[in-house]
Amino acid sequence: MVLNVRQRQADAVVRMLHFNSPPGGKPGASGGSDDTYKVLVLDSHTKDILAPLLHVNELRRHGVTLHLMLDADRQPIPDVPAVYFVQPSEAAVARIIQDVQRGLYDAFHLNFSTHIPRPLMEKLAAGVVAGNAAARVARVYDQHNRFLSLEAGLFTLGLPDTYLQLNDPAAQDSQIEAAVSAVVDGLFCVLATLSVVPIIRCPRGGAAEHVAAALDAKLRDALAGRASLFAEGGGAAGLAASLQRPLLCLFDRNFELSVVLQHAWTYKPLVHDVLAMRLNRVSLQDAPLPGQAAGARKAYEVDDADFFWTGHGREQFPKIAEQVEVELGKYKQSIEELNRKTGSHLDPTADPAELMSSNTRNLMSAVSSLPELTEKKRVIDKHTNLATALLGCIKARQLDAYYALEEECISGKADAAAVTAQLQSPAGTPADKLRLALVWLLTCEMVPSEGECQAVEALLQGCGADMAAWSYVKRMRRLNLTGRQGGGAGAGSVSDGLSSFSGAASSQLTTLLGTTFGQGLSSLTKGVKNLLAGEQQAAVTVAVEALMDGRTGPDATDAYAVFDPKGPAGRAQRPPGPFKEALVFMVGGGNYLEAESLSCWASRAQPTPKHIIYGATDLLAGEDFLKQLSSLGYKSGAAAPPQ
């Protein structure tokens, strides 16, 4: 059993679009069939859910002629059924009641992204009955789809401020419980979509254990129900799934803070951190045309359907330029082969009928291959533009130097003098300098002296960095609340140290030779060295390795709580091991760098590779996380509030 969260969620959404019947099946009780045209009504939350899964042309393939927003001013289309996919809320239910009473559509297929509470269900029923419109509501479904699948092994709950909410010293108990409940509901939806009941492990104490306990209780309630969401896979497949239960590893973001702050050097993390990728989409601004003040913005999709993104996303940036040119060379060879086959090479001695037949076959082959070649060229152009934009940011901010020094901090090779020297450099934004300083503060073996901190603080203040984040992390470090320290694997982790890397060296970018495609992208990156010999191993990777292998002992996984929703309540037993599959979830936000570390380890695991799905409350770029740390600095009193 290989878990693919994106495919399973896409299948569930497609089933929903076909009125909760399998595509291609017979019309169900609700009257749906494959050739039925329908309207899709979404809200802002469910629009984000669908964005990485289905494009407009795919929606049309499943009969969706229009997709509209719930809060928009919509006109009646009385002869067409409507599929509603919304988050259960007071406002959504009130608008649905209004639509049903007005008879906007022929039939209403109502789908909620998660379980609709009983009071809202009663309000919906009362409103529909009061409007004498109950016959228009075909069915009501709980879809359990409130999460965002970005890749086969990557998802997020779309909860961007969870770390701030759970660590706010002024937060009320009700606010903490609401934040935990949102995380639990999202994780439950993921497990229901995958139809798995995992064994849960988490460090004792903190938000992760709180979430684990609440999720365990919710899973037990679901398993005790008459129609269990986890009983769909019957027969041999269901039996195999029950015998090969995955592991769910829950971690609090405080387990390791530095990995969310440090700069990246591989392609996917760079695109996310530097180009502000969101929901598999990157928006770049083109150069302005003559007479224009600013160029138009262009959006690029990068997902599992992109062969370059999936094939080269984990490679270091300098190799990306080389791979772009390799793919371009393959494309040119295909075009030349196509031209050769369709060229006119008339042989006067050849049989005219045979010549006509051969030319026809070649022409048909050429026509059939044109869409594939066109798409390949589009992908190559897209990544040429993305890599060129990245290169401009790397050159302007010296991101390679920041990355190399942060890696030296993590491996214990950098000292305060090296950090202050980089902070004195004119290159880099105030946020870049602050991130470097925080990585040094979090990873140095001993708590820095007051003199070292004051020297760093003076340089940060001089460049205009937000000192609230620094003050908050400095207080946490002095109170020993920051997880990993001195290259260790973090609070409650299973091993000390990171894998060491040789050949780490700072590099300066050479002068750009130009940015036109014909000059070759790799020529622009000749001054950008491959800084590391291997991939970084994050602290969470070390912990997950021990948990999946089932290691025991005081220095291994005994400090981790165990929850088994299928076992006796209150009697946690030692989980079986080793595990082949695991879901790793970070409460408080994660990033592509951490996901990449887990994926690289899983693919190389011995004696057989592991399969990992990585998830987080949200995927955070370094500057996003700085904002939350800054807010906590003010709220905790570590920094004086701004005047």
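Colleague: Which strands does helix α8 lie across, and at what angle does α8 run to β8?

Modeller: Helix α8 (residues 206-224) lies across β8, β9, β12 and β13 and runs at about 160° to β8, where angles go from 0 to 180 degrees between N-to-C directions and axes are lines fitted to C-alpha atoms, for helices over the stretch in contact. Helices (H or I, at least four residues) and strands (E, at least two) are DSSP runs, numbered from the N terminus. The model is a predicted one, in which local features need pLDDT of at least 70 and side-chain atom pairs count only at pLDDT 80 or more, while totals for chains, interfaces and linings use all residues. Residues are numbered from 1 along each chain as its sequence is written, and side-chain values use heavy atoms, with hydrogens and water left out.

Colleague: What makes β8 and β12 a pair, and in which sense do they run?

Modeller: Two strands pair if DSSP finds at least two bridges between them; β8 (residues 199-203) and β12 have four bridges, in the antiparallel sense, and Pro203 has Tyr560 of β12 as its bridge partner.

Colleague: Why are β6 and β12 said to stand at the edges?

Modeller: The open sheet has seven strands in the order β6-β7-β14-β13-β9-β8-β12, with mixed pairing. Each of β6 (148-151) and β12 (560-563) has a single partner strand, so one side of each is left without a neighbour in the sheet.

Colleague: Why are α11 and α21 called roughly antiparallel?

Modeller: Their angle is about 165°, with the axes 9 Å apart. Angles over 145 degrees count as roughly antiparallel, under 35 as roughly parallel, 65 to 115 as roughly perpendicular and the rest as oblique, and α11 and α21 are therefore roughly antiparallel.

Colleague: Which residues of α11 and α21 meet?

Modeller: Lys268, Pro269 and His272 in α11 meet Tyr592, Leu593 and Glu596 in α21, contact being heavy atoms within 4.5 Å.

Colleague: How do you know whether Phe19 is buried or exposed?

Modeller: Buried means under 20% relative accessible area, exposed over 50% and partly exposed in between, with a 1.4 Å probe and protein chains only. Phe19 has a relative accessible area of 2%, so Phe19 is buried; although not a glycine, Phe19 has a positive phi of about 60°, and its place is the loop between α1 (5-17) and β1 (38-42).

Colleague: What is the phi of Asn280, and where does Asn280 lie?

Modeller: Asn280, a residue other than glycine, has a positive phi near 65° and lies in the loop between α11 and β10 (281-285). At 2% relative accessibility, Asn280 counts as buried.
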